[in-house]
Amino acid sequence: MALVALLIAIWLGIIAWRRRLQTVPGWKPLAWGAGVGFVIAVVLLLIDLEAQKLAVRLATPLGVAWLVLFGLALDQLRNHRPWSGGLTAGCWLLLTLGGNQWISAWLLGTLERSVPAPQAEVWDAVAVLGGGTALTGDGEVELGEAGDRLRIGRALLHAARTPLLVATGSGLLGAEQARDLSRETARIWSDWGVPDGSMLLLPGPVNTREEVQRLAKEAHARGWGRIAIVSSAWHLPRVLALARRFGLPADGIPSDSRGRLPPASPAFLVPGGTGLHETQLWCTEVLGRMVGR
């Protein structure tokens, strides 16, 4: 309700401002209507916890831009500017849908639910793809956003479901300095008590395609019959598609699942950074699979 009152207030305020600038009579009642709508929105925000959460999201730069786009679209369409109004409304709708956390969670959930169950209980090796580590300000290694994959790999070794953990990947630290993601992973595993003899490091690959291609080469050279690949659940469909392409018998072990829908709340009607980030992840996975990366 607070969101509706605020949107109406913004719309009336823009119309009143334009009429005043153009010296068109009748702008004062509109301005009063905008003021009343704003007051109603503020009162609702003060007495309702959910409305307060909504206010926080609206107060962010993304929330402010969303409100401004809404007001501009209505104003342009009302003044018979279909092209500019349609373009602005389209941008507002794209931002609304792309930043909606319910939609983004559902999109990632469609990827996560498409991962088949493992065909084996034990594997010759368990490969943990790079990307689960991060660096602190002073260059120390720590768990990253996708650090759950490191924990799952170590748990599979501890449960005797594999004799070998494989860490892969490299990344860029700066313009001329590279990160060895496999060594960063191994450093955390060592802190968790994983012996050096149970780890194989494969630095060098800088994207998923190169990682899977390198794993397929190692599997052929070392005689691995079947391996497991641990990565983010939404990333595994692309990983397993690449494994089939390179002839690598592999099971996918999901981590870092994000497909659970958030609770019902009017605050999630406003686009947020998490929704945009997860929608971008989905787009990256779909486009990456289309081009075979």
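**Helix packing and a few single residues**

Let's start at one helix pair. From α10, the residues P237, R238, A241 and R244 meet T284, E285, G288 and R289 of α11. By class, that contact of α10 with α11 has two nonpolar, two polar and four charged residues. One caution before I go on: this is a predicted model.

Now the geometry of this pair. The axes of α10 and α11, which covers residues 273–291, come within 9 Å. They cross at roughly 15 degrees. Angles under 35 degrees count as roughly parallel, so α10 is roughly parallel to α11. The crossing of α10 and α11 is left-handed.

Let me step back to the whole chain. How many helices and strands does the chain have? Eleven helices and nine strands. There are 293 residues, and buried ones make up 45% of them. Next, the contacts between residues at least 6 apart in sequence: 69% of these join residues at least 24 apart.

Back to α10, with another partner. Helix α9 takes in residues 208–222, and α10 takes in residues 236–245. α9 and α10 pack at an angle of about 45 degrees. Their axes are 9 Å apart. The crossing of α9 and α10 is right-handed. On the α9 side, the contact is made by T208, R209 and V212. On the α10 side, it is made by R238, V239, L242, A243 and R245. By class, the contact of α9 with α10 has four nonpolar, one polar and three charged residues.

Helix α4 covers residues 61–78, and helix α5 covers residues 82–98. Their axes are 8 Å apart, at an angle of about 150 degrees. Angles over 145 degrees count as roughly antiparallel, so that is the label for α4 and α5. The crossing of α4 and α5 is left-handed. Who meets whom here? α4 brings L62, W66, L69, F70, L72, A73, Q76 and L77. α5 brings P82, S84, G85, G86, T88, A89, C91, W92, L95 and T96. The residues of this contact of α4 with α5 divide into twelve nonpolar, six polar and no charged.

One more residue in α4. V64 lies in this helix. Is V64 buried, exposed or partly exposed? V64 has 41% relative accessibility, so it counts as partly exposed. Leaving aside neighbours within four places in sequence, V64 is in contact with L58 and A59.

On to α8, residues 181–191. The buried residues of α8 are L181, S182, E184, T185, A186, I188 and W189. Let me pick E184. Its relative accessible area is 7%. Buried means under 20%, so E184 is buried. Which side chain does the side chain of E184 make a polar contact with? That of R179, at 2.7 Å. Not counting residues up to four places away in sequence, E184 touches T133, L135, V141 and R179. Just after α8 comes G193, with a positive phi of about 95 degrees.

Now a strand residue. S231 lies in β8, residues 227–232. S231 is buried, with a relative accessible area of 0%. Not counting residues up to four places away in sequence, S231 touches L129, R149, L236, I253, P254 and S255.

Last, two loop residues. A160 sits in the loop between α7 and β4. A160 has a positive phi of about 60 degrees, although it is not a glycine. Is A160 buried or exposed? Exposed, with a relative accessible area of 61%. D256 is found in the loop between β9 and α11. D256 is not a glycine either, and has a positive phi of about 50 degrees. D256 counts as buried, at 13% relative accessibility.

That's the tour.

Notes
Residues numbered from 1 in each chain as written. Predicted model: local features only at pLDDT ≥ 70, side-chain atom pairs only at ≥ 80, totals over all residues. Heavy atoms only, no water. Axes fitted to C-alpha atoms, helices over the stretch in contact; angles between N-to-C directions. Helix = DSSP H or I, 4+ residues; strand = E, 2+ residues; numbered from the N terminus. Left-handed = near helix turned anticlockwise from the far one by under 90°. Contact = heavy atoms within 4.5 Å. Nonpolar A, V, L, I, M, F, W, Y, C, P; charged D, E, K, R; others polar. Buried < 20%, exposed > 50% of the residue type's maximum accessible area, 1.4 Å probe, protein only. Polar contact = N/O pair within 3.5 Å; in protein donor to acceptor, adjacent residues only side chain to side chain. Parallel < 35°, antiparallel > 145°, perpendicular 65-115°, else oblique.
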